[in-house]
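Colleague: I am new to this structure. Please take a close look at how its parts meet, and tell me what to look for.

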Amino acid sequence: MSHEVANLSDPGLPDHVHRLADSDPAAEKKAERAVAFLFILSALGTVLFIASYVYIPHNLFVFVPILGSTNAHQLFLGLGLTISMLCIGLGAVHWAKTLMPDNEIIAQRHEFRSPENERKEFVAAVKEGAAASGLGRRSIIKRTLGLSLGLVGISPLFLLRDLGPLPKEQLQTTSWKTGTRLVTDPGNRPIKPSDLEVGAVAQVLPQLTPGEERTLNNIGKDAVLLIRLRTEDFQLSPERLSWTHEGIIAFSKICSHMGCAVALYEQQTKHLLCPCHQSTFDVPRAAKVIFGPAARPLPQLAITVDSEGYLIASQPFTEPVGPSFWERSS
Amino acid sequence: MLLLFALFMIGTTFSVASASTKQASGSLSRSVAIDEGRQIFLKGCSSCHGLNAEGGSIAPSLIGVGAASVDFQVGTGRMPMADMTVQAMRKTPAYTPEQVAAVAAYVASLAPGPAIPGSEIVNYERDGSTAEGGELFRTNCAMCHNFAGQGGALSQGKFAPTLMESDPKTIVEAMITGPQSMPVFSDKIITPAEKLSIIKWIKAAQVEPSLGGAALGRVGPVTEGLLAWTLGLGLLIGIAVWLATKAR
């Protein structure tokens, strides 16, 4: 047996295989009927669509396996339209694939460069056009055209103004000021320390001064969570401990990672979870990050009580709440 | 040793206290219920919670948790716990309603605590407001129990259960006692009237019809995205393959 490998000739394109419907009249008839069947199915789908619009009450619910209890009106409207449109498409594709001409055509790629005479004609046409417009002679038109095109060119620059204005102090500050009362959200009722048992939480916002309106922008910065623990559970620095009141500790609800509302408080583990990226904050240790992508603890709000015994902020937040931004100092 | 001694002291103190409470209670049927509850407690609960409900290394003290806590935990079958791994699961209750009431009376006699909500909650349909309940739910409950009350994940395998089977009494009991991972939502923070609104909203959510067909668990983009990426994309790929296949 020889170990020499014979030179392989270029096999070229495989032979064109004709379809059954091209040679067999019975198969052709069958394909024709299949296409017609799909189009009739489509027509029936439209009839179903119209009939369900007219005859099925819009509040009728039926049980369908997998889907569960489903509105029959909507279900059959959708089903009818799906059948009608899908079957038109399926029929058209089947028609094209089985019955329409099946010729393989080879088209060679042409050369990229245009023929020499076409190139010459193009150059001549451009020159003729330039001469006809008279731009060289009519200098006032040339200049005014230059002015208008130049001005149009710089107009998008003005839209850049909409990237601003700069937020200035808005990212650094919240509505909490020294002496602002804590009120329930919703309800706007002031809170006394005795309103919270150990293990209780309260979602709070700053009390509005008369005439002030609560905007979503403000809620997005001001939302605070109150949690009451046993005082002996705290593992805080003396300064942070002085920011609590009778075991009640207050944290910004705005996650220091991406700004989601952190309020999943597990009473037994005393962990506070962010629902978006599972950052976990340990409440007794001043919301220290113990899991997840958050880079900083949640800012703590210093609280105390006023002369009437209601909880108030004893100072504004000492750091910006929420996620990091360029100008943030820490 | 010191801890054991302390526990012993606490237990003794409270058994004395409970005895005096019993004597103070004028109603005979009430003290009978407390006695019966104590018997059930000794058989079914004391191995973990201690002979005098003082708690132990594996279970918390029940002194001061109140009747509402017992009614919630035992009445929904969460206690006694079937396994002590992650959290107590809702299951068929081990005790009859009368037995649950007796244990609740016994635990309530140990120290004051939240009482089982009375008949005022049956009027949630009349006195509650679905709109207000929805607002309260979204601020206070939705982060754990999902925006449609379907429940959600917590840390380490714990989870907030679905509210789709909850009745008004257990909803209020859960809010005022803070069972397991759940914090307490006291009556001063969410008033009893507001609690009725929350119940009305949950009850409305339980029967909310699904106009758009399969609700896919009402958990938002997770199941919807999964379906779109697997079923939807799979269908498109199938059609593309069929289009490119040569007919025979």
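Modeller: Start with chain A, which is split into domain 1 (20-107 + 114-163) and domain 2 (182-313); such bounds come from an automatic or database domain assignment. The model is predicted, with pLDDT of at least 70 needed for local features and 80 or more for side-chain atom pairs, while totals for chains, interfaces and linings use all residues. Residues are numbered from 1 along each chain as its sequence is written, chains are lettered from A and ligands numbered from 1 in the order written, and side-chain values use heavy atoms, without hydrogens or water.

Taken over C-alpha atoms, the centres of the two domains of chain A are 55 Å apart.

Strands here are DSSP runs of E, at least two residues long, and helices are runs of H or I, at least four, numbered from the N terminus; two strands pair if DSSP finds at least two bridges between them. Across this pair, A:Phe63 has A:Ser69 of S2(A) as its bridge partner. Three residues lie between S1(A) and S2(A) in the hairpin, and A:Ile66 in the turn has a positive phi of about 75 degrees.

Further along chain A there is an open sheet of five strands, with antiparallel pairing and the order S3-S4-S5-S6-S11. Its edges are strand S3 (182-184) and strand S11 (300-301), each of which pairs on one side only. Within the sheet, strands S4 (residues 201-206) and S5 (residues 224-228) of chain A are antiparallel and joined by four bridges. There A:Gln203 stands opposite A:Leu225 of S5(A).

Now turn to the meeting of the chains. Contact (heavy atoms within 4.5 Å) involves 34 residues of chain B and 41 residues of chain A. About 2900 Å² is buried between the chains, with 60% of this given by carbon and sulfur atoms; buried area is the accessible area (1.4 Å probe) lost when two parts are put together, summed over both. Of the area that chain B buries against chain A, B:Met143, B:Ile189 and B:Trp242 supply 20%, more than any other three residues.

Four salt bridges are counted between chain B and chain A, each a side-chain nitrogen of Lys or Arg within 4 Å of a carboxyl oxygen of Asp or Glu. One of these joins the side chains of B:Lys188 and A:Asp195, at 3.9 Å from N to O. On the side of chain B that touches chain A, helices H7 (130-140), H8 (142-145) and H11 (221-244) each supply at least two residues. The largest share, four residues, comes from H7(B).

Domain 1 of chain B gives 15 residues to the contact and domain 2 of chain B gives 16. The buried area here is about 1300 Å², of which 53% comes from carbon and sulfur atoms. On the domain 1 side, B:Phe72, B:Gln87 and B:Arg90 lose the most area to domain 2, together 42% of what that side buries.

Two salt bridges are found across this domain interface of chain B. B:Asp71 forms a salt bridge with B:Lys169, and their closest N and O atoms are 2.9 Å apart.
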